[in-house]
Amino acid sequence: MLTTKLKIGIVCPYGWDTPGGVQNHVRDLAEFLIASGHSVSVLAPAIDEDKLPDYVVSAGKPISIPYNGAVARVLFGPIAYARVRQWIGGGNFDLLHLHEPAIPSISLLACWAAEGPMVGTFHAAAKRQKVIFAIGPILEPAIEKLSVRIAVSEAARLTLTDHLETDAVVIPNGIYAKRYSDGTAQEKWSGNTIGFIGRFEEPRKGLQVLVDALPIIVRFAPDVKVFVAGPGDPKDFEKEIDPQLRDRFEFLGKISEQEKADFMSSVSLYVAPNTGGESFGIILAEALAGGACVVASDIPAFDSLLGGGKYGALFQSENSTDLAKVIIDLLRDEDKRKVLAIAGKKRAQQFDWEVVAQQIFSIYEMGIVGGKGVTLGSDQRSWNRFLSRDEEKR
Amino acid sequence: MKTLLFLGFLLLLGLWYLSFSATRLDRLHHRVETSWANLDVLLQKRAAIALEIAHSDLADPASSMLLTGAAYQARDADIKNRSMAESGLSGALGLLISDGLPHATESEQALLQELSALTSKIRVAISIHTDAVSSTVMVRRKFVVRTFRLAGKAPLPVTYEFESDVL
């Protein structure tokens with residue numbers, strides 16, 4: 001149980017006020033830890049410093065750099081480094097939890113600057129890149145300082161072992177399963193309906209695959225409707241859709257958490273046609289918790305989250321014919337949908353924060369054994385000793 | 001003058017690198033020790049639970065004997081035989097649990113639950129420890145470290161061949 005009260009410093013590499021999976025994870029984790037009585041300080045870049053919750057410390061304004069096929073809003077440089085050092089020096093932390101420490105960001109800076117118990121969580125899953133072999137030797141001594149490494153999925157762990165030749169403990173991302181389990185089915189979204197949530201303008205979210213599959217689906221299920229929720233401008237996207245099918249699509253815009261819960265319990269199928277770039281698939285975990293029957297592409301992250309098809313149906317990624325086949329199959333078979341949804345809901349409990357935070361906390365406990373808190377590495381004894389010994393010789 | 005300056009710069013750089021490597025190695029040794037201390041505590045706890053199970057009604061006299069023996073062995077083993085003794089204990093526990101579960105009372109259930117929680121912690125602790133050991137060994141094989149004896153008198157850490165499937 002969470003008995004010992006710790007002072008934990010968490011570093012979030014991405015801009016706090018920009019949407020993203022890592023930010024949500026850090027926010028939920030910090031709030032959960034605070035609720036269980038620990039004192040937590042989060043260091044993160046932020047655009048608007050006035051609107052931060054009181055446990056967040058701003059490290060400055062983030063800058064946009066292209067990274068891993070997307071634009072990352074991160075922060076580094078001498079001023080940021082000074083702020084990181086100041087935060088560590090004044091924080092008096094028992095333990096630091098760095099998120100995504102292998103990308104150029106304040107997490108990496110914190111890893112350089114600090115000495116003591118540190119835990120790192122690796123979120124990203126990427127294909128083997130040549131560039132990593134060039135920067136690997138630079139990263140290695142820093143990553144080595146982490147007492148324990150956590151990967152959010154098997155895919156993220158493989159990325160880590162591939163790139164940095166170091167192992168990690170897999171602890172999944174957390175969700176508040178209860179928030180999604182009490183949704184009420186809404187008539188407007190019920191029937192032969194397919195749901196999709198995400199930034200549909202991004203190609204890697206794969207809405208196009210679903211659009212391509214629809215002509216076939218319509219032939220077998222003439223009354224099918226697709227509801228797309230998520231931020232973005234549907235006008236450009238609608239142009240791509242066959243005019244005859246355009247009225248099948250309804251764009252709901254960004255929806256609230258409560259609406260999300262209702263959405264998940266209303267739609268017949270929740271489809272996640274992502275083509276890649278996904279490391280864990282938090283939205284799938286939420287869909288399962290909401291009691292939706294899930295259809296997802298068979299990218300590694302989804303495959304392992306859905307237990308190879310036990311907790312939701314899989315289709316061959318980027319293959320719209322296969323997607324259509326799977327969807328038609330399930331739309332016709334209500335019993336099969338129910339079986340999958342029930343198995344999925346049970347599965348989702350494993351990702352509940354109650355479970356996940358407990359796992360993370362037991363990692364913290366292992367991290368702090370024998371440590372005397374986090375200090376700044378610049379008070380490096382052997383480095384100073386070396387210098388003074390040198391002077392004596394002269 | 002210029003060459004002297006340059007040489008001085010090189011010397012400083014070399015010294016910095018040596019100190020950097022020494023710090024790094026020191027940190028790694030520290031990590032090996034703490035992760036081992038961690039694992040050791042967990043394993044001791046497991047042996048204690050195993051004894052408790054052996055003395056409960058869960059175990060028939062024969063498995064009780066087997067378990068008690070294995071638990072004592074695991075506790076007393078010196079570093080060389082430790083991993084073998086622990087694997088023996090894992091085996092004995094596994095044997096019991098695979099057929100001893102159905103007629104467990106509530107307090108025994110709690111005991112078994114404690115054991116399974118401990119087991120997952122041990123699994124994590126093992127992976128942390130082996131990782132620390134392998135990175136230390138890797139750094140110690142480096143040319144600079146060997147030539148300048150940066151490791152000092154610290155013994156080379158040994159990998160413990162734990163059965164990765166403890167239970």
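## Two domains in chain A

In chain A, the C-alpha centres of domain 1 and domain 2 lie 32 Å apart. Domain 1 covers 7-174 + 352-385 and domain 2 covers 178-350, with bounds from an automatic or database domain assignment. This is a predicted model, where local features need pLDDT of at least 70, side-chain atom pairs count only at pLDDT 80 or more, and totals for chains, interfaces and linings use all residues. Residues are numbered from 1 along each chain as its sequence is written, while chains are lettered from A and ligands numbered from 1 in the order in which they are written.

Where the domains of chain A meet, 14 residues of domain 1 are in contact with 9 residues of domain 2 (C-beta atoms, placed from the backbone, within 7 Å). Helix α5 (residues 154-164) of chain A gives the largest share of the domain 1 side, 3 residues. Helices here are DSSP runs (H or I, at least four residues), numbered from the N terminus.

## Where chain B comes in

Now for the other chain: 19 residues of chain B are in contact with 18 residues of chain A. On the chain B side, α1 (2-55) and α4 (106-140) each give two or more residues, and α1(B) gives the most, with 12 residues.

## A helix pair across the chains

Helix α14 (residues 353-368) of chain A and α4(B) have axes that come within 11 Å and cross at roughly 45° (axes are lines fitted to C-alpha atoms over the stretch in contact, and angles run from 0 to 180 degrees between N-to-C directions). S362(A), I363(A) and M366(A) in α14(A) meet K121(B), V124(B), A125(B) and I128(B) in α4(B).

Notes:
Two residues are in contact if their C-beta atoms, placed from the backbone, lie within 7 Å.
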